[in-house]
Amino acid sequence: MKHIAALFALLGMSTMGWAQVEPGTFSVIPRVGVNLSTISGESLTTDVGTMKSKFKAGAAAGLDLEYRISAPFSASIGAYYSREGCNYKDNVLDQRELGTYNVFSRCYFTIDYLKIPVMARWYATDKLSVGTGLQAGIGLWNRTHTESQEVKVGENGRYTYSTDIEKANVKGNGLRNVLWSVPVSVAMEYERVIVDLRYSIPLSKVYRSNGKNPGGGERVQCWSISVGYRI
């Protein structure tokens, strides 16, 4: 009985929260934030070994146009710039045979997207809401950055590192122009300031598939947190 009473009390507070929101209004919500992304299954292979992907930080900024359908429900469409991709784990040169090797470090893959989310949102109270929908990510620009250093392995097993570091930036080929995902959002709002935590469930693979290139299973996984203001 106590649990049922607590549930009704929570629903009552939620209803009081809804009463503070006016249906039939439009809001413009500019947002800025950061994201943490990686590309599952992505790797770089060198003569020293395979460098697997790990998470990479990036920036995000944009705005939502939200329409309040009813007290607890709203619909929105947005447009965001989002820098995503992945870092790569550095090469580790273990004890090897005599020779010269190129060791890679500080390597990353960057993809800039224009994100267009269309979402439905449910307001549990005037301060707490959850939302989901469908999101298109249009690729704007990408590059793979690598840094390599020559290392010589001597007869005594000592490593001699070159002072020269070779840097390279290569534009990726075979990437999909549009990636689809399902954004899942939890947001807190206070005095028109909105903090939004969001995860994008990937639906599309990063690389295109065709007769010559079967593509792979690589997908962008992205967490983001943003701060917005309701106008």
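# Salt bridges, cores and ring pairs

The side chains of Glu84 and Lys115 form a salt bridge, with N and O 2.6 Å apart. A salt bridge here is a side-chain nitrogen of Lys or Arg within 4 Å of a carboxyl oxygen of Asp or Glu. Glu84 belongs to strand 5 and Lys115 to strand 6, so the bridge ties together parts 31 residues apart in sequence. Strands are DSSP runs of E with at least two residues, numbered from the N terminus. Both Glu84 and Lys115 are buried. Buried means under 20% relative accessible area, exposed means over 50%, and partly exposed lies in between (1.4 Å probe, protein chains only).

This is a predicted model: local features need pLDDT of at least 70, side-chain atom pairs count only at pLDDT 80 or more, and totals for chains, interfaces and linings use all residues. Residues are numbered from 1 along each chain as its sequence is written, and side-chain values use heavy atoms, with hydrogens and water left out.

The structure holds ten salt bridges. Another of them joins Arg83 and Asp112, at 2.8 Å from N to O. This pair also links strand 5, which holds Arg83, to strand 6, which holds Asp112. The two residues are 29 apart in the chain. Asp112 has a relative accessible area of 7%, so Asp112 is buried.

Now move to Arg230. Its salt bridge partner is Glu189, and the closest N and O atoms are 2.8 Å apart. Arg230 sits in the segment after strand 11 (219-229), and Glu189 in strand 9 (residues 178-190), so this bridge ties together parts 41 residues apart in sequence. Arg230 and Glu189 are both buried.

Next come the nonpolar residues. In soluble globular proteins, nonpolar side chains tend to be buried together. A nonpolar core is defined as a set of buried Ala, Val, Leu, Ile, Met, Phe, Trp, Tyr and Cys residues joined through side-chain atoms within 4.5 Å. The largest one has 14 residues. Which members touch the most others? They are Ile39, Tyr88, Phe109, Ile111, Leu175, Val206 and Val220. Strand 5 and strand 6 are the elements that give two or more residues to this core. Strand 6 supplies the largest share, five residues.

Take Ile111 as a way in. Apart from neighbours within four places in sequence, Ile111 is in contact (heavy atoms within 4.5 Å) with Ile39, Ser82, Arg83, Glu84, Gly85, Trp141, Asn142 and Leu175. A second, separate core has six residues, including Val48, Leu93, Tyr101 and Val151.

Val48 leads on to Asp94. Their C-alpha atoms are 8.8 Å apart, although 46 residues separate them in sequence. Asp94 is placed in the loop between strand 5 (73-88) and strand 6 (99-123). With 51% relative accessibility, Asp94 counts as exposed. Ser105 lies in strand 6. Its relative accessibility is 17%, so Ser105 counts as buried. Beyond neighbours within four places in sequence, Ser105 is in contact with Asp90 and Glu147.

Aromatic rings complete the tour. A pair of aromatic rings is described by the distance of the centres and the angle of the planes. Rings of Phe, Tyr and Trp (its six-membered ring) pair if their centres lie within 6.5 Å; planes under 30 degrees apart are stacked, over 60 edge-to-face, and the rest tilted. There are two such pairs. Phe26 and Tyr67 have ring centres 4.7 Å apart and planes at 45 degrees, so they are tilted. Phe26 lies in strand 1 (residues 26-40) and Tyr67 in strand 4 (residues 56-68), so the pair ties together parts 41 residues apart in sequence. Phe26 is exposed, at 58% relative accessible area, while Tyr67 is partly exposed, at 31%.

Tyr199 and Trp223 form a tilted pair too, 4.7 Å centre to centre with 40 degrees between the planes. Tyr199 is in strand 10 (residues 193-202) and Trp223 in strand 11, so this pair ties together parts 24 residues apart in sequence. Trp223 is partly exposed, with a relative accessible area of 44%.

Terms used: Helices (H or I, at least four residues) and strands (E, at least two) are DSSP runs, numbered from the N terminus.
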